[in-house]
Amino acid sequence: MKKLFTILSISLILISPFSGFNFANADNTFYYAKVMSSDAIFYSYPFELVSNQLFTLPETYFVKILDEANENFYYAQYKDAIGYVQKEKVSVMNGTPNNPYASATFRTFLPDGLGLYSKPTISSEDLLVNVPYLTESLDFYGYISGEEAIPDKSDQWIYCNFDNGQNNFGYLYSVFCDNLTQIQGNNEIFEIIDNPSFSLGATAVELSPVAMTFIIIGVSIPCLIVIYLLIKPTFLKEKVLREKPKIKHKRHGDYFEFDDSELN
(Lines give C-alpha, C1' and ligand atoms only; values in the text may rest on other atoms or scores of the structure.)
Protein backbone atom coordinates (compact mmCIF):
# COMPACT_ATOMS: atom_id res chain seq x y z
CA MET A 1 0.00 0.00 0.00
CA LYS A 2 2.90 2.31 0.78
CA LYS A 3 4.34 1.65 -2.66
CA LEU A 4 1.00 2.52 -4.30
CA PHE A 5 0.77 5.79 -2.36
CA THR A 6 4.27 6.77 -3.49
CA ILE A 7 3.46 6.06 -7.16
CA LEU A 8 0.25 8.09 -7.05
CA SER A 9 2.04 11.02 -5.42
CA ILE A 10 4.66 11.09 -8.15
CA SER A 11 1.95 10.96 -10.83
CA LEU A 12 0.12 13.93 -9.33
CA ILE A 13 3.35 15.93 -9.26
CA LEU A 14 3.94 15.20 -12.94
CA ILE A 15 0.39 16.13 -13.98
CA SER A 16 -0.23 19.17 -11.73
CA PRO A 17 1.93 21.70 -13.68
CA PHE A 18 -0.45 21.36 -16.63
CA SER A 19 -3.44 22.62 -14.62
CA GLY A 20 -2.17 26.16 -15.07
CA PHE A 21 -0.50 25.60 -18.40
CA ASN A 22 0.23 28.93 -20.08
CA PHE A 23 2.53 29.99 -22.89
CA ALA A 24 3.85 33.52 -22.40
CA ASN A 25 6.89 35.40 -23.49
CA ALA A 26 9.11 36.98 -20.88
CA ASP A 27 8.79 40.38 -22.49
CA ASN A 28 5.38 42.06 -22.17
CA THR A 29 6.41 45.10 -24.21
CA PHE A 30 3.74 46.77 -26.29
CA TYR A 31 3.30 50.14 -27.96
CA TYR A 32 0.50 52.55 -28.69
CA ALA A 33 0.15 53.69 -32.27
CA LYS A 34 -1.82 56.76 -33.31
CA VAL A 35 -4.33 56.41 -36.16
CA MET A 36 -3.09 58.89 -38.76
CA SER A 37 -5.56 58.23 -41.56
CA SER A 38 -9.34 58.48 -41.91
CA ASP A 39 -9.39 55.20 -43.84
CA ALA A 40 -7.48 53.08 -41.33
CA ILE A 41 -9.26 49.73 -41.13
CA PHE A 42 -9.16 47.22 -38.32
CA TYR A 43 -8.82 43.73 -39.85
CA SER A 44 -9.65 40.23 -38.63
CA TYR A 45 -6.68 38.77 -40.56
CA PRO A 46 -3.42 40.43 -41.70
CA PHE A 47 -4.35 40.53 -45.37
CA GLU A 48 -5.83 43.47 -47.26
CA LEU A 49 -9.13 41.87 -48.28
CA VAL A 50 -12.62 43.34 -47.98
CA SER A 51 -13.80 40.13 -46.29
CA ASN A 52 -11.23 40.71 -43.51
CA GLN A 53 -12.34 44.27 -42.71
CA LEU A 54 -13.98 44.72 -39.31
CA PHE A 55 -14.44 48.48 -38.95
CA THR A 56 -12.86 51.86 -39.61
CA LEU A 57 -10.73 53.12 -36.74
CA PRO A 58 -11.48 56.67 -35.51
CA GLU A 59 -8.74 59.02 -36.68
CA THR A 60 -6.46 60.61 -34.03
CA TYR A 61 -7.11 57.77 -31.55
CA PHE A 62 -4.83 54.83 -30.79
CA VAL A 63 -4.48 51.10 -31.14
CA LYS A 64 -2.33 48.98 -28.86
CA ILE A 65 0.40 47.30 -30.91
CA LEU A 66 1.06 43.81 -29.53
CA ASP A 67 3.38 42.39 -32.13
CA GLU A 68 4.43 42.43 -35.75
CA ALA A 69 2.22 40.22 -37.94
CA ASN A 70 4.02 40.57 -41.27
CA GLU A 71 5.74 43.24 -43.34
CA ASN A 72 2.47 45.15 -43.84
CA PHE A 73 0.47 44.57 -40.66
CA TYR A 74 0.74 44.89 -36.89
CA TYR A 75 -1.04 42.57 -34.50
CA ALA A 76 -3.13 45.00 -32.46
CA GLN A 77 -5.90 45.63 -29.96
CA TYR A 78 -8.64 48.26 -29.99
CA LYS A 79 -10.78 48.25 -26.85
CA ASP A 80 -11.73 44.57 -26.43
CA ALA A 81 -11.26 43.73 -30.10
CA ILE A 82 -8.13 41.85 -31.22
CA GLY A 83 -7.08 42.11 -34.86
CA TYR A 84 -4.66 43.73 -37.27
CA VAL A 85 -3.89 47.19 -38.59
CA GLN A 86 -1.84 48.30 -41.58
CA LYS A 87 1.51 49.77 -40.61
CA GLU A 88 1.23 52.65 -43.05
CA LYS A 89 -2.02 53.86 -41.44
CA VAL A 90 -0.61 54.34 -37.93
CA SER A 91 2.41 55.87 -36.20
CA VAL A 92 3.94 53.93 -33.33
CA MET A 93 4.69 56.27 -30.42
CA ASN A 94 6.76 56.22 -27.26
CA GLY A 95 4.13 56.96 -24.65
CA THR A 96 0.87 55.88 -23.05
CA PRO A 97 -2.19 58.00 -23.91
CA ASN A 98 -4.76 58.79 -21.23
CA ASN A 99 -7.65 58.13 -23.61
CA PRO A 100 -6.39 55.74 -26.28
CA TYR A 101 -9.83 54.68 -27.52
CA ALA A 102 -12.80 56.75 -28.62
CA SER A 103 -15.63 56.63 -26.12
CA ALA A 104 -19.00 56.63 -27.86
CA THR A 105 -22.38 54.96 -27.42
CA PHE A 106 -25.63 54.80 -29.38
CA ARG A 107 -29.09 53.19 -29.30
CA THR A 108 -31.40 51.19 -31.58
CA PHE A 109 -35.01 52.14 -32.29
CA LEU A 110 -36.54 49.42 -34.47
CA PRO A 111 -39.83 48.40 -32.74
CA ASP A 112 -39.41 44.68 -33.45
CA GLY A 113 -35.78 44.72 -32.37
CA LEU A 114 -32.69 44.95 -34.53
CA GLY A 115 -30.62 41.98 -35.63
CA LEU A 116 -26.95 41.84 -34.69
CA TYR A 117 -25.00 40.07 -37.45
CA SER A 118 -21.51 38.58 -37.70
CA LYS A 119 -21.15 40.25 -41.12
CA PRO A 120 -22.49 43.60 -42.41
CA THR A 121 -25.32 41.94 -44.29
CA ILE A 122 -28.84 40.73 -43.53
CA SER A 123 -28.62 36.95 -43.57
CA SER A 124 -30.24 34.45 -41.25
CA GLU A 125 -27.02 32.44 -41.26
CA ASP A 126 -25.08 35.43 -39.87
CA LEU A 127 -27.65 36.49 -37.26
CA LEU A 128 -26.15 36.40 -33.76
CA VAL A 129 -28.85 37.85 -31.54
CA ASN A 130 -31.77 40.29 -31.63
CA VAL A 131 -31.15 43.64 -29.92
CA PRO A 132 -34.38 44.82 -28.21
CA TYR A 133 -36.21 48.05 -29.07
CA LEU A 134 -34.64 51.21 -27.58
CA THR A 135 -31.53 49.46 -26.31
CA GLU A 136 -29.18 52.23 -25.20
CA SER A 137 -25.50 52.64 -24.34
CA LEU A 138 -24.29 50.22 -27.01
CA ASP A 139 -20.51 50.42 -27.26
CA PHE A 140 -19.51 51.95 -30.60
CA TYR A 141 -16.33 50.69 -32.29
CA GLY A 142 -16.60 52.01 -35.83
CA TYR A 143 -18.40 52.03 -39.18
CA ILE A 144 -17.94 49.72 -42.14
CA SER A 145 -19.60 49.57 -45.56
CA GLY A 146 -21.83 46.60 -46.19
CA GLU A 147 -25.15 45.60 -47.70
CA GLU A 148 -27.62 48.37 -48.48
CA ALA A 149 -30.39 46.54 -46.65
CA ILE A 150 -33.00 49.17 -47.55
CA PRO A 151 -32.81 50.49 -51.15
CA ASP A 152 -31.69 54.11 -51.49
CA LYS A 153 -30.64 54.17 -47.85
CA SER A 154 -27.24 53.90 -46.22
CA ASP A 155 -24.83 50.99 -46.66
CA GLN A 156 -23.16 51.80 -43.33
CA TRP A 157 -23.10 49.28 -40.53
CA ILE A 158 -21.90 49.81 -36.97
CA TYR A 159 -19.51 47.36 -35.37
CA CYS A 160 -20.38 47.19 -31.67
CA ASN A 161 -20.46 45.19 -28.48
CA PHE A 162 -23.91 44.19 -27.19
CA ASP A 163 -23.69 42.92 -23.62
CA ASN A 164 -26.72 40.83 -22.68
CA GLY A 165 -24.95 38.77 -20.05
CA GLN A 166 -22.25 37.86 -22.51
CA ASN A 167 -20.34 39.99 -24.98
CA ASN A 168 -21.71 39.83 -28.51
CA PHE A 169 -19.53 41.52 -31.13
CA GLY A 170 -21.16 42.20 -34.46
CA TYR A 171 -22.89 44.60 -36.84
CA LEU A 172 -26.09 46.64 -36.60
CA TYR A 173 -27.62 48.36 -39.61
CA SER A 174 -27.00 52.06 -38.96
CA VAL A 175 -30.36 53.19 -40.45
CA PHE A 176 -32.06 51.98 -37.27
CA CYS A 177 -29.50 53.47 -34.87
CA ASP A 178 -29.33 56.99 -33.43
CA ASN A 179 -28.09 59.07 -30.49
CA LEU A 180 -24.48 58.36 -31.33
CA THR A 181 -22.17 60.26 -29.00
CA GLN A 182 -20.10 62.87 -30.81
CA ILE A 183 -16.48 61.77 -31.03
CA GLN A 184 -13.98 64.51 -30.29
CA GLY A 185 -10.46 64.31 -31.69
CA ASN A 186 -7.60 63.09 -29.52
CA ASN A 187 -4.74 65.61 -29.37
CA GLU A 188 -2.32 63.42 -27.41
CA ILE A 189 0.96 62.92 -29.22
CA PHE A 190 4.33 61.44 -28.35
CA GLU A 191 7.72 60.83 -29.90
CA ILE A 192 7.41 58.59 -32.96
CA ILE A 193 9.22 55.23 -32.92
CA ASP A 194 10.38 54.45 -36.45
CA ASN A 195 11.46 50.87 -35.82
CA PRO A 196 9.59 49.28 -32.90
CA SER A 197 11.30 46.16 -31.61
CA PHE A 198 9.40 42.92 -31.15
CA SER A 199 12.41 40.62 -30.81
CA LEU A 200 10.83 38.66 -27.96
CA GLY A 201 7.27 39.22 -29.05
CA ALA A 202 4.54 40.80 -27.00
CA THR A 203 1.79 38.25 -27.01
CA ALA A 204 0.82 35.70 -24.40
CA VAL A 205 -0.99 32.61 -25.57
CA GLU A 206 -3.09 30.74 -23.04
CA LEU A 207 -4.29 27.26 -23.82
CA SER A 208 -8.00 26.80 -24.24
CA PRO A 209 -9.79 24.44 -21.82
CA VAL A 210 -10.16 21.87 -24.63
CA ALA A 211 -6.45 21.93 -25.47
CA MET A 212 -5.57 21.73 -21.79
CA THR A 213 -7.84 18.70 -21.37
CA PHE A 214 -6.15 16.85 -24.23
CA ILE A 215 -2.70 17.59 -22.76
CA ILE A 216 -3.73 16.32 -19.34
CA ILE A 217 -5.25 13.17 -20.88
CA GLY A 218 -2.14 12.63 -22.98
CA VAL A 219 0.05 12.80 -19.88
CA SER A 220 -2.30 10.85 -17.63
CA ILE A 221 -2.76 7.75 -19.83
CA PRO A 222 0.96 6.77 -19.89
CA CYS A 223 1.14 7.40 -16.13
CA LEU A 224 -1.85 5.13 -15.49
CA ILE A 225 -0.34 2.40 -17.66
CA VAL A 226 2.95 2.60 -15.73
CA ILE A 227 1.09 2.55 -12.41
CA TYR A 228 -0.89 -0.54 -13.48
CA LEU A 229 2.25 -2.38 -14.57
CA LEU A 230 3.98 -1.54 -11.30
CA ILE A 231 1.17 -2.51 -8.94
CA LYS A 232 -0.06 -5.58 -10.82
CA PRO A 233 2.62 -7.91 -9.32
CA THR A 234 1.81 -6.57 -5.84
CA PHE A 235 -1.89 -7.31 -6.26
CA LEU A 236 -1.15 -10.82 -7.54
CA LYS A 237 1.13 -11.51 -4.59
CA GLU A 238 -1.44 -10.28 -2.10
CA LYS A 239 -4.11 -12.39 -3.80
CA VAL A 240 -2.01 -15.54 -3.47
CA LEU A 241 -1.34 -14.84 0.21
CA ARG A 242 -5.03 -14.25 0.89
CA GLU A 243 -6.07 -17.57 -0.65
CA LYS A 244 -6.08 -20.41 1.93
CA PRO A 245 -5.05 -23.93 0.77
CA LYS A 246 -7.96 -26.35 0.47
CA ILE A 247 -7.71 -29.42 2.71
CA LYS A 248 -8.99 -32.60 1.10
CA HIS A 249 -11.01 -34.75 3.46
CA LYS A 250 -11.10 -38.50 3.07
CA ARG A 251 -14.45 -40.02 2.69
CA HIS A 252 -15.76 -41.37 6.01
CA GLY A 253 -12.91 -39.55 7.73
CA ASP A 254 -14.97 -38.83 10.80
CA TYR A 255 -15.37 -42.53 11.91
CA PHE A 256 -13.52 -45.93 11.83
CA GLU A 257 -14.60 -48.31 9.10
CA PHE A 258 -13.75 -52.04 9.61
CA ASP A 259 -12.46 -53.90 6.57
CA ASP A 260 -12.75 -57.72 6.61
CA SER A 261 -9.72 -58.13 4.34
CA GLU A 262 -7.44 -56.91 7.08
CA LEU A 263 -8.00 -60.19 8.99
CA ASN A 264 -6.36 -62.28 6.31
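In what sense do β9 and β15 pair, and over how many bridges? They pair in the antiparallel sense over two bridges, where strands count as paired if DSSP finds at least two bridges between them, and where strands (E, at least two residues) are DSSP runs numbered from the N terminus.

Before going further, note that this is a predicted model, in which local features need pLDDT of at least 70 and side-chain atom pairs count only at pLDDT 80 or more, while totals for chains, interfaces and linings use all residues. Residues are numbered from 1 along each chain as its sequence is written, and side-chain values use heavy atoms, with hydrogens and water left out.

**Stop 1: strand β9 and its partners**

Select Thr108 in the viewer together with Cys177, which is its bridge partner in β15. Then turn to β12, which runs antiparallel to β9 and is joined to β9 by two bridges; here Thr105 has Asp139 as its bridge partner. The covered face of β9 carries Phe106 and Thr108, whereas Thr105 and Arg107 are on the uncovered one. In a regular strand, side chains alternate between the two faces of the sheet.

**Stop 2: salt bridges**

A search of the whole structure finds four salt bridges, each being a side-chain nitrogen of Lys or Arg within 4 Å of a carboxyl oxygen of Asp or Glu. Select Arg107 and Asp178, which form one of them, with the closest N and O atoms 2.7 Å apart. Asp178 lies in strand β15 (residues 177–178) and Arg107 in strand β9 (residues 105–108), so the pair ties together parts that are 71 residues apart in sequence. Asp178 is partly exposed, with a relative accessible area of 22%, on a scale where buried means under 20%, exposed over 50% and partly exposed in between (1.4 Å probe, protein chains only).

Next select Lys79 and Asp139, whose salt bridge has its closest N and O atoms 2.9 Å apart. This pair links distant parts of the chain, with Lys79 in the loop between β6 (73–78) and β7 and Asp139 in strand β12 (residues 138–145), 60 residues apart. Lys79 is buried, at a relative accessible area of 12%, whereas Asp139 is partly exposed, at 24%.

**Stop 3: the open sheet**

Now display the eight strands that form an open sheet with antiparallel pairing, in the order β4-β3-β7-β6-β5-β2-β8-β16. At its edges stand β4 and β16 (191–192), each with a single partner strand, so one side of each is left without a neighbour in the sheet. Within this sheet β6 and β7 pair in the antiparallel sense over six bridges, and Ala76 stands opposite Gly83 in β7.

**Stop 4: the nonpolar core**

Select Phe55, Leu57, Val63, Ile65 and Leu172, which touch the most other members among the 45 residues of the largest nonpolar core, a core being a set of buried Ala, Val, Leu, Ile, Met, Phe, Trp, Tyr and Cys residues joined through side-chain atoms within 4.5 Å. Strand β13 (residues 156–163) gives the largest share of this core, five residues. Leaving aside neighbours within four places in sequence, Leu57 is in contact (heavy atoms within 4.5 Å) with residues including Val35, Ile41, Tyr78 and Val85.

**Stop 5: a loop residue**

Finish at Leu49, found in the loop between β3 and β4 (53–56). Is Leu49 buried or partly exposed? Leu49 is partly exposed, with a relative accessible area of 46%.

Technical notes
Helices (H or I, at least four residues) and strands (E, at least two) are DSSP runs, numbered from the N terminus.
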